[in-house]
Amino acid sequence: GQNAVMVQHLNGNATDSTSNNTDGTIIGTTSNTTPLGAGLDFDGNNDYIELNSNPLSNGTEITYVSYIKTDNDHNGVIVTDDVSDNNSDRASLKKKSGGEFNFNLATNRTLSTSSVSNNEFHQVAATYDNLSAKIFLDGSQSDSDTRSVSVGGNDLEIGRGPFDLNY
């Protein structure tokens, strides 16, 4: 969108498609083919993208969108903006071992989707607009909550979280 501060297509590289140049360094992932074209394969073993900066800058709005295919029932981090001083999440999108996706904001309630089957592609999206948090699975809203937290400004990583949970 026109207000995007970072767009990572992950089509074989970690280049930001916006003018903000928030490029990343790929650690351990391999290229893969998806129904949308080229993509990256995160195998859950030290695969992640380290970004050169966090464009979210202590804001009050955030949107994460991922097109993902899982192939196991393990926990994994899709994207996280962690609070480095106490190893807790400020904002994260995760896949849980039961097959559902979770959107966490600070220490407030976690939002969840229904469980998905492995080996199928799904779009998962999470939004926060300084008033309400929502999580979507394949275009349908799964859960929502009202809350007030500050997001952004810490280490932003794709595929790895504060406890080194790799996807």
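This report walks through a predicted model of a protein built from strands.

## The big picture

Let's start with the overall make-up. The protein has 13 strands and 0 helices, so if you read along the sequence you get the pattern β-β-β-β-β-β-β-β-β-β-β-β-β. Out of its 167 residues, 43% count as buried.

## Two hairpins in a row

Now look at strands β10 (residues 121-128) and β11 (residues 132-137). They run antiparallel and are joined by 5 bridges. Valine 124 stands opposite leucine 137 in β11. The two strands form a hairpin with 3 residues between them. In that turn you'll find asparagine 130, which has a positive phi of about 75°.

Strand β11 then pairs with β12 (residues 140-146), again in the antiparallel sense, over 6 bridges. Here serine 132 has threonine 146 in β12 as its bridge partner. β11 and β12 form a hairpin too, with 2 residues between them. Aspartate 138 sits in this turn, with a positive phi of about 50°.

## The nonpolar core

The largest nonpolar core holds 27 residues. Which of them touch the most other members? They are Ile49, Tyr64, Leu93, Phe101 and Phe103.

Leaving out residues up to four places away in sequence, leucine 93 touches Tyr64, Val77, Ile78, Val79, Asn102, Val124, Ala126 and Ile135.

## Aromatic pairs

To describe a pair of aromatic rings, you give the distance of the centres and the angle of the planes. How many aromatic pairs does the structure hold? There are 2. One is tyrosine 64 with phenylalanine 103, an edge-to-face pair at 6.4 Å centre to centre, with 80° between the planes. This pair links distant parts of the chain, with tyrosine 64 in strand β5 (residues 62-69) and phenylalanine 103 in strand β8 (residues 101-105), 39 residues apart. Both tyrosine 64 and phenylalanine 103 are buried.

Tyrosine 67 and phenylalanine 121 make a stacked pair, 5.1 Å centre to centre with 15° between the planes. It also links distant parts of the chain: tyrosine 67 belongs to β5 and phenylalanine 121 to β10, 54 residues apart. Are these two buried or partly exposed? Tyrosine 67 has a relative accessible area of 37%, so it counts as partly exposed. Phenylalanine 121 is at 27% relative accessibility, so partly exposed is the label for phenylalanine 121 as well.

## A buried aspartate

Finally, have a look at aspartate 81, whose place is in strand β6 (residues 76-83). Why does aspartate 81 count as buried? Its relative accessibility is 0%, and buried means under 20%.

Aspartate 81 and asparagine 54 are 27 residues apart in sequence. In space, their C-alpha atoms are 8.3 Å apart.

Key: Residues numbered from 1 in each chain as written. Predicted model: local features only at pLDDT ≥ 70, side-chain atom pairs only at ≥ 80, totals over all residues. Heavy atoms only, no water. Pairing = 2+ DSSP bridges. Helix = DSSP H or I, 4+ residues; strand = E, 2+ residues; numbered from the N terminus. Buried < 20%, exposed > 50% of the residue type's maximum accessible area, 1.4 Å probe, protein only. Phe/Tyr/Trp six-rings, centres within 6.5 Å; stacked < 30°, edge-to-face > 60°. Core = buried A, V, L, I, M, F, W, Y, C linked by side-chain atoms within 4.5 Å. Contact = heavy atoms within 4.5 Å.
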